[in-house]
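Some notes follow on helix packing and charged pairs. Please read them alongside the sequence and the coordinates.

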Amino acid sequence: MDKFTKQFIEKQLTDYPKMDEYIMQRRLELKYPMGQVDENIGGSSAGGVSNPTERTVMTINSDKRLTQLEKTKEAIEKVLDTLDVNSYSLVELRYWTKPQTRTWIGIAKEIGYSERQCYNVRDLIIDNIGKELGMA
């Protein structure tokens, strides 16, 4: 896996605690778009879905950004569910604790791993998330 893919996955892992918020926000953006454009200027039927509820559901179901957010959340959860207590603590300390004041050495001491073990666990987690996302 290349460096940029790993960085992308680490960013997604960092954002995981806010993922539900991002998904809800995107759903609201799709459900209540700002500045809706009237595409029926000529007055004739465009042949599309005329029911607003159906149109909203179709928009939500076909939105690539929303689909990617949901897929990413699901992939991260699937990998997190496989982790032991120390590995999960590593993720919490490294990616979700704000402000981030611990180095890898500090995290290693706190969970009882060596610094090298921490890097290996991180790489394994990132690789597994990448596989779930089809990026590895």
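1. Asp-20 has 48% relative accessibility and therefore counts as partly exposed (buried is under 20% relative accessible area, exposed over 50%, partly exposed in between; 1.4 Å probe, protein chains only). Its salt-bridge partner is Lys-73, with N and O 3.0 Å apart (a salt bridge is a side-chain nitrogen of Lys or Arg within 4 Å of a carboxyl oxygen of Asp or Glu). This pair links distant parts of the chain, 53 residues apart: Asp-20 is in helix H2 (residues 19-31) and Lys-73 in helix H4 (residues 64-80). Helices here are DSSP runs (H or I) of at least four residues, numbered from the N terminus. Lys-73, at 18% relative accessibility, counts as buried.

2. On the basis of these values: this is a predicted model, in which local features need pLDDT of at least 70 and side-chain atom pairs count only at pLDDT 80 or more, while totals for chains, interfaces and linings use all residues. Residues are numbered from 1 along each chain as its sequence is written, and side-chain values use heavy atoms, with hydrogens and water left out.

3. The structure holds ten salt bridges. One of them joins Asp-63 to Arg-26, the closest N and O atoms being 2.7 Å apart. Asp-63 sits in the loop between helix H3 (52-62) and H4, whereas Arg-26 belongs to helix H2, 37 residues apart in the chain. Asp-63 is buried at 12% relative accessibility, and Arg-26 is buried at 15%. Through salt bridges that share partners, Arg-26, Glu-29, Asp-63 and Arg-65 form one network.

4. Within helix H1, Lys-11 and Asp-15 lie four residues apart, about one turn of the helix. Their side chains meet in a salt bridge at 3.0 Å, N to O. Lys-11 is partly exposed, at 45% relative accessibility, but Asp-15 is buried, at 14%.

5. How do H1 and H7 cross, and at roughly what angle? The axes of H1 (residues 3-15) and H7 (residues 115-132) come within 10 Å and cross at roughly 90°; axes are lines fitted to C-alpha atoms, for helices over the stretch in contact, and angles run from 0 to 180 degrees between N-to-C directions. The two helices are therefore roughly perpendicular (65 to 115 degrees).

6. In the contact of H1 with H7 (heavy atoms within 4.5 Å), Lys-6, Ile-9, Glu-10 and Leu-13 of H1 meet H7 residues including Arg-122, Asp-123 and Ile-126. The contact residues divide into five nonpolar, one polar and five charged; Asp, Glu, Lys and Arg count as charged, Ala, Val, Leu, Ile, Met, Phe, Trp, Tyr, Cys and Pro as nonpolar, and the others, Gly among them, as polar.

Definitions and conventions: Parallel < 35°, antiparallel > 145°, perpendicular 65-115°, else oblique.
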